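Dear colleague,

I am handing over the structure below, and after it I set out what was found there. Please read the notes with the coordinates open beside them.

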Amino acid sequence: MPNGDDMLEALRSSIGLVSLVYICRLYMKLSTFPSIILPSAARTHLIKQAVNDRYNNIHTTEDILMVTNMIEMNKDFMNRVLLLSDFERNSITLDINHITMDVINDMILLPFTNTCVDCTKSLTSYRYKLVHIIDCFKITRAVAVTAECKTCTLIYNHSSWYSLKFRWRKINNSSLDSVLKIFYLCDSFGFTYSVFFDYTCQLLHDQCPFQSFSRILIDRYNYEHQNNNIILQPTPLAKLFQSHWLLYQIVRFEFMLGKTQIVNLPVSLNRNELNYHFECYSDWWHHLFTTFWSRHKSIPNIKCSPSDCSRCVIVDGHQKCRRLVCSFKNVVDTSIDELTAIEIGCPYTPCRRTEVSNSVDAIYCRYHQPSVLVSPSVHLDKAGHMAAEFSKRDRDFLSEHKSHCQNYRNDSEEIKKNKTYGILASYHPCGIAIGFTEAIKAEGMRSVTRHLLLMIIGGCLMPDALMYDCACALKLHWNKWLGTDMLKSSSLTQQLPFHLALDNFHQKTHSRSMCQTIMKSDHPSHEGRFIGLNSQAAEQAFQYISRAKFALRNFSFPHSTIMLLIMLHLLNCKMTGINLETIGLGFRYFGDIIKDFFPTPCVYERFGSLNDEELKKDEDDDQSDLDHNVTSEDMP
């Protein structure tokens, strides 16, 4: 029998080196099939056909048979030479900057660019850090490489670049277009796009909470023995995954609906920075959402019917996703001139008693603790009294309405256990959400009016027809107060729907004479605007949110609002058949309407002035946020 070198040379001469390697790999793979499934003659024919098609050769069956026979007689030798089976079991280590890297098995997360985005100079000062990448089925070790532009004092990594001095992080199309499909921001963990997609599917189909998904991942790693010696606990993993998933979805959201080429993120995953970022961007994100989805019928090749989907807006309230909030009621919104001032309640989560801070009042947030001295301005104090007076006027007017119709909504309704009312949402008849507002107080006519005006201010293309289960009370409210300080006439109020109707299901329970005539959806005064539409679109859409109530209740503000925004956006994309990873869709069709970024004042800024010590305190609520900073290892 010839030695190994002579055998390889003979095979190479007869069939060629490239074909030889390919035939070896095919034969080793196909030889695992038993002869009852793949007889040897069929295997030889399959290999011949594959190698000839791949390399445009004309090898005969005898050529292939000679090679496969030699492989079978020298299987161990061919394995060792061509590393067909044990390559990944090998380990070759390399020490770089006090980091021991396995160059065969460890992933390398290089910066997405070699030159600075701002000054185009070459990056220098490369640093290395061991991290772990979380995938659907395994945890993989990786080496994250960062580089610096000393001229601009910017640091670049695999998915972003950031400034520690100015506390910002940026992502563009190039940094998001990772060949490895990995999202890595900072600290010791990154995530594959596959695990993000896996969770998105489970959220859309099964309303899976982050905690449950984390337990699934950990159980899978342990079962497959793929945890890479990393011991993960469900709660920390859930918080870590939640922060990354939300930021990743926000990046995709902005790239799809906005016109920016760069997305801004907080530099770290510290919960205070995330909360501030979410509040600061919330109104702009709502603008992108309502501007795009209220005009979605203009997008070609969508699944819903463009002729019916935007004929009216269906408004409804949903209480199943209620969450605990601060009991302080006298918080007013003065941002809408048409409403002058309206009580909205405090959206922040109550503080938790701990061993360290056992003296806190557990029904109030950090801003409204009895020990915190809030000094409202003269303007805020006056607005508070005015909003209370407006609520009293509306309550007195509602008393008259109650005597004629048992169906009503009351802004002054008391909510037990200091929970939110839930949400107010608006839908097109096709089931697409076009706007929403988290309702801290009960669903009253001033709250519904505020919800609609916020949508119009945000850029919503408001239809002239509205369907609502208490449309009669809303119509009477507008007729009574439009043109007064409670609802000033303006170009915004002119965009409020003119045709109001009760939905078909609730109309039967209304007793007022107007409810049985002009408020019916088929009344001639509406000129057929509601005929043939799905009046239960909002109720049907709320079934999903009802099933997701346990996940949504665990969020604190502003995460609660942002999570709901992302969920509705994902559902809209699924219903219309729009790819979640599409870039520039909003700019392509609505570029002249979409606004550049504008900041939103934080809600606590409406409370009055706090002393510096209170402003620096961390929030006691950490139900859903991750206190995670950029570590010293991330710094050059």
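A polar contact here is a pair of N or O atoms within 3.5 Å, where, within protein, one atom must be able to donate a hydrogen and the other to accept it. Please keep in mind throughout that this is a predicted model.

With that cut-off in hand, I begin with glutamine 369, which is found in the loop between β14 (342–343) and α11 (378–402). The side chain of glutamine 369 reaches the backbone nitrogen of aspartate 361 at 2.7 Å, and it also reaches the backbone oxygen of cysteine 365, in that case at 3.3 Å. Glutamine 369 has a relative accessible area of 7%, and since buried means under 20%, this residue is therefore classed as buried. When its neighbours within four places in sequence are left aside, the residues in contact with glutamine 369 are Cys351, Val360, Asp361 and Tyr364.

The open sheet comes next. Its five strands follow the order β16-β15-β12-β17-β18, and the pairing is mixed. The edges are formed by β16 (433–439) and β18 (499–501), each of which has a single partner strand, so one side of each is left without a neighbour in the sheet. From one strand to the next, the twist averages 20 degrees.

Within this sheet, strand β12 (residues 313–318) is joined by three bridges to strand β17 (residues 465–468), the two running parallel, and valine 315 stands opposite tyrosine 468 in β17. Five bridges join β12 to strand β15 (residues 422–427), and here the strands run antiparallel, with isoleucine 314 standing opposite tyrosine 427 in β15. How many of the six residues of β12 are buried? Six of the six are, so the strand is largely enclosed by the rest of the structure. Val313, Val315 and Gly317 point one way from β12, whereas Ile314, Asp316 and His318 point the other way, and all are buried. Helix α13 (residues 471–481) lies across β17 and β18, and it runs at about 145 degrees to β18.

The last topic is the aromatic side chains. A pair of aromatic rings is described by the distance of the centres and the angle of the planes. By the rule applied to this model, the count comes to 32 aromatic pairs. In one of them, the rings of phenylalanine 191 and phenylalanine 241 have their centres 5.4 Å apart and their planes at 70 degrees, so the pair is edge-to-face. Because phenylalanine 191 lies in strand β10 (residues 189–192) and phenylalanine 241 in helix α9 (residues 234–257), the pair ties together parts that are 50 residues apart in sequence. Both phenylalanine 191 and phenylalanine 241 are buried, and both belong to a cluster linked by ring pairs, whose members include Phe183, Tyr193, Trp245 and Phe555.

Arginine 252 lies over the face of tyrosine 193, at 5.9 Å from the ring centre, and lysine 480 lies over the face of tryptophan 481, at 5.4 Å from the ring centre.

With best regards

Terms used:
Residues numbered from 1 in each chain as written. Predicted model: local features only at pLDDT ≥ 70, side-chain atom pairs only at ≥ 80, totals over all residues. Heavy atoms only, no water. Helix = DSSP H or I, 4+ residues; strand = E, 2+ residues; numbered from the N terminus. Buried < 20%, exposed > 50% of the residue type's maximum accessible area, 1.4 Å probe, protein only. Contact = heavy atoms within 4.5 Å. Phe/Tyr/Trp six-rings, centres within 6.5 Å; stacked < 30°, edge-to-face > 60°. Lys NZ or Arg CZ within 6 Å of the ring centre and 35° of its normal. Pairing = 2+ DSSP bridges. Axes fitted to C-alpha atoms, helices over the stretch in contact; angles between N-to-C directions.
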